[in-house]
Amino acid sequence: AKPVSMQPLATLEQHTALPQNKECADCGAPAPEWASVNQGVLICIECAGCHRSMGAHISKVKSVTLDSWKPEEVQSFTAKGGNQKVNNDLLRSG
């Protein structure tokens, strides 16, 4: 059995593999490897730089593969529904 600390990683990997998460939420670049944890979107490295410059109080950026994620961060991130849902919600709230 996997240690409990490894469980969220599988969930994060599954979430990043979803079709709606295959492109950067901001610019559409393929295979984003960064995330705005509090916004709930996957982003490319270029957009991650833009998000970082806004400050962690607006967009908390982490690497999907290089950074460690707390279980509650993974849960909150995946609960937002992914790039397509977050972008659709933002467009509706306009």
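Trainee: In this predicted model, does Lys 60 count as buried, partly exposed or exposed, and why?
Mentor: Happy to start there! Buried means under 20% relative accessible area and exposed means over 50%, with partly exposed in between. Lys 60 has a relative accessibility of 34%, so the label is partly exposed.

Trainee: Which residue does Lys 60 meet in a salt bridge at 2.8 Å, N to O?
Mentor: Lys 60 sits in the loop between α2 and β3. The partner is 13 residues apart from Lys 60 and lies in helix α3, and the pair links distant parts of the chain. The side chain that meets Lys 60 is that of Glu 73.

Trainee: Is Glu 73 buried or exposed, and what is its relative accessible area?
Mentor: The cut-off for buried is under 20%. Glu 73 falls under it, so Glu 73 is buried, with a relative accessible area of 9%.

Trainee: Which residues of helix α3 are buried, and where do they lie around the axis?
Mentor: Helix α3 covers residues 71-79, and its buried residues are Glu 73, Val 74 and Phe 77. They cover an arc of only 95 degrees around the axis, which means that they lie on the same side of α3.

Trainee: Which exposed residues does the face of α3 turned away from its buried side carry?
Mentor: Good one to look up in the structure! Exposed means over 50% relative accessible area. On the face turned away from the buried side, the exposed residues are Glu 72, Gln 75 and Ala 79.

Trainee: What positive phi does Gly 81 take?
Mentor: Look just after α3, where you will find Gly 81. Its phi is positive, at about 95 degrees.

Trainee: How many salt bridges does a search of the whole structure find, and which residues are joined into one network?
Mentor: The search finds four salt bridges. One of them joins Arg 92 and Asp 89, with the closest N and O atoms 2.6 Å apart. Salt bridges that share partners make one network, and its members are Lys 60, Lys 62 and Glu 73.

Trainee: Why are Arg 92 and Asp 89 separated by about one helical turn?
Mentor: An α-helix has 3.6 residues a turn, so residues three or four places apart point the same way. Arg 92 and Asp 89 are both in helix α4, and their separation is about one turn because they are three residues apart.

Trainee: Which residue four residues apart from Asp 89 also lies in helix α4?
Mentor: Helix α4 covers residues 83-93, and four residues apart is about one turn of the helix. The side chain of this residue meets that of Asp 89 in a salt bridge (2.7 Å, N to O). At 42% relative accessibility, it counts as partly exposed: the residue is Lys 85.

Trainee: Which residues make up the largest nonpolar core?
Mentor: Let's turn to the inside. This core has 10 residues. The members are Cys 24, Ala 25, Trp 34, Val 41, Ile 43, Cys 44, Cys 47, Ala 48, Val 61 and Val 86.

Trainee: Which residues is Val 61 in contact with, leaving aside its neighbours within four places in sequence?
Mentor: Val 61 is found in strand β3 (residues 61-63), and at 10% relative accessibility it counts as buried. The C-alpha atoms of Val 61 and His 51 are separated by 6.9 Å. The contacts of Val 61 are Trp 34, Ala 35, Ala 48, His 51 and Arg 52.

Trainee: Which residues does Thr 16 touch, not counting residues up to four places away in sequence?
Mentor: Thr 16 lies in helix α1 (residues 7-16). Its relative accessibility is 19%, so Thr 16 counts as buried. The residues touched are Asn 21, Leu 42 and Val 64.

Trainee: In what order do the elements run from the N terminus on?
Mentor: The chain has four helices and three strands. Reading along from the N terminus, the order is α-β-β-α-β-α-α.

Trainee: Over which residues does pLDDT stay under 50?
Mentor: The chain averages a pLDDT of 90, and 88% of the residues score at least 70. The stretch you ask about has two contacts beyond four places in sequence in the model, and it is residues 1-7.

Methods
Residues numbered from 1 in each chain as written. Predicted model: local features only at pLDDT ≥ 70, side-chain atom pairs only at ≥ 80, totals over all residues. Heavy atoms only, no water. Helix = DSSP H or I, 4+ residues; strand = E, 2+ residues; numbered from the N terminus. Buried < 20%, exposed > 50% of the residue type's maximum accessible area, 1.4 Å probe, protein only. Contact = heavy atoms within 4.5 Å. Core = buried A, V, L, I, M, F, W, Y, C linked by side-chain atoms within 4.5 Å. Arc of directions from axis to C-beta. pLDDT = per-residue confidence, 0-100.
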